[in-house]
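Morning, everyone. I have one structure to show, and I'll keep it brisk.

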Amino acid sequence: MHSIFLRIFGRSGKTYKALRSILNLEKGKVLDLGGGEGRIAEFFAKNGYKTVILDPSKEMLDLVRDKRIVKKLGKADKIPYGNNTFDLVYCVASFHHFSEGSEKNKINLYEKISKEMIRVVKKNRKIIIIDLNPNKWFLGRMAELFERKKGCIFFPPEEIKKLFRKYNVNVYEHGSGYAVIIIK
Ligand SMILES: C[S@@+](CC[C@H](N)C(=O)[O-])C[C@H]1O[C@@H](n2cnc3c(N)ncnc32)[C@H](O)[C@@H]1O
């Protein structure tokens with residue numbers, strides 16, 4: 001089930017349009033990391049993108065309705081696809097969940113995850129991370145307060161940018177403060 005934060009997070013159609021405008025690519029193969037029940041992925045599938053959801057929750061994947069979406073069980077730190085496979089890798093409201101409750105290994109784990117995301121995206125293509133900002137938005141602060149107890153770790157955009165800047169990629173924040181964009 002969606003958390004209350006996800007419901008308030010925004011309409012999925014609106015998020016899809018924002019992603020599309022940042023993406024600037026008509027067709028291609030996209031990977032939705034932590035895509036859950038396909039709230040955003042279904043728009044990509046409907047619009048002709050070959051769409052894959054990678055998620056460790058069978059319960060969530062079972063809720064995916066669109067038959068065009070490829071459902072893959074797995075985690076962001078070990079993406080079961082080859083190098084340079086996707087035209088877009090994105091995650092919406094899921095980056096903070098990839099921590100799996102492990103504050104201790106946070107840096108190691110997120111270093112693995114960022115490396116994996118870069119590995120599977122094609123050269124000159126984008127990774128887009130959309131998540132709540134725990135330092136800025138009221139909703140971000142609230143989400144952090146409640147979801148931290150479940151082991152989620154929220155990264156402000158500056159920290160996400162720092163994480164990816166270690167690699168040979170371009171990293172910037174979308175003007176709206178809505179997303180961090182990484183170009184391989
Ligand atoms: C709040 S839901 C967001 C779902 C979807 N992105 C959306 O916007 O509707 C977070 C998702 O992250 C998934 N998740 C948790 N740990 C993960 C991991 N290590 N790798 C990939 N996905 C993970 C959960 O199973 C869940 O489906």
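Start with I181, which sits in strand β7. Keep in mind that this is a predicted model. Is I181 buried or exposed? It is buried, because 20 other C-beta atoms lie within 10 Å, and 20 is the cut-off for buried. What does I181 touch, beyond residues up to four places away in sequence? The list is I22, K126, I128, Y172 and H174. Now take I107 for scale. I181 and I107 are 74 residues apart in sequence, and their C-alpha atoms are 20 Å apart in space.

Step back to the whole protein. It has seven helices and seven strands. From the N terminus, the order reads α-α-β-α-β-α-β-β-α-β-α-α-β-β. The C-alpha atoms fill a box of roughly 40 × 35 × 30 Å along the principal axes. How does the radius of gyration fit a compact globule? For 184 residues such a globule would come out near 16 Å; the protein has 15 Å, so the two agree. Buried residues account for 39% of the 184. Now the contacts between residues at least 6 apart in sequence. Of these, 60% join residues at least 24 apart.

Next, the core. The largest nonpolar core holds 46 residues. Which of them touch the most other members? They are L31, V89, Y90, I127, I128 and I129. Several elements give two or more residues to this core: β1 (29-33), α3 (41-46), β2 (50-55), β4 (86-92), α5, β5, α7 and β7. The largest share is from β4, with six residues. Look at I127 in particular. Leaving aside neighbours within four places in sequence, I127 contacts V89, Y90, M117, V121 and I182.

On to helix α7, residues 157-165. Its buried residues are P157, I160, L163 and F164. Why do they fall on the same side of α7? They cover an arc of only 120° around the axis, so they share one side. The face turned away from that side carries E158 and K162, both exposed. What covers the buried residues? The cover includes α5 (106-120), β5 (121-130), β6 (170-173) and β7 (180-183).

Now the ligand. How many residues surround it? There are 21, and the closest are G34, G36, R39, S57 and A76. By class, that shell has ten nonpolar, seven polar and four charged residues.

Last, two backbone details. Most residues other than glycine have a negative phi. Two asparagines here have a positive one. N24 has phi near 55°, and N84 also has phi near 55°. Where are they? N24 lies in the loop between α2 (12-23) and β1. N84 lies in the loop between β3 (70-73) and β4. Their surroundings need a word too. N24 is exposed, because it has 7 other C-beta atoms within 10 Å, and 12 or fewer counts as exposed. N84 has 13 within 10 Å, so it is partly exposed.

That's my tour. Over to you.

Notes: Residues numbered from 1 in each chain as written. Predicted model: local features only at pLDDT ≥ 70, side-chain atom pairs only at ≥ 80, totals over all residues. Near = placed C-beta within 6 Å. Nonpolar A, V, L, I, M, F, W, Y, C, P; charged D, E, K, R; others polar. Helix = DSSP H or I, 4+ residues; strand = E, 2+ residues; numbered from the N terminus. Arc of directions from axis to C-beta. Contact = placed C-beta atoms within 7 Å. Core = buried A, V, L, I, M, F, W, Y, C linked by C-beta atoms within 7 Å. Rg over C-alpha atoms; globule rule 2.2 N^0.38 Å.
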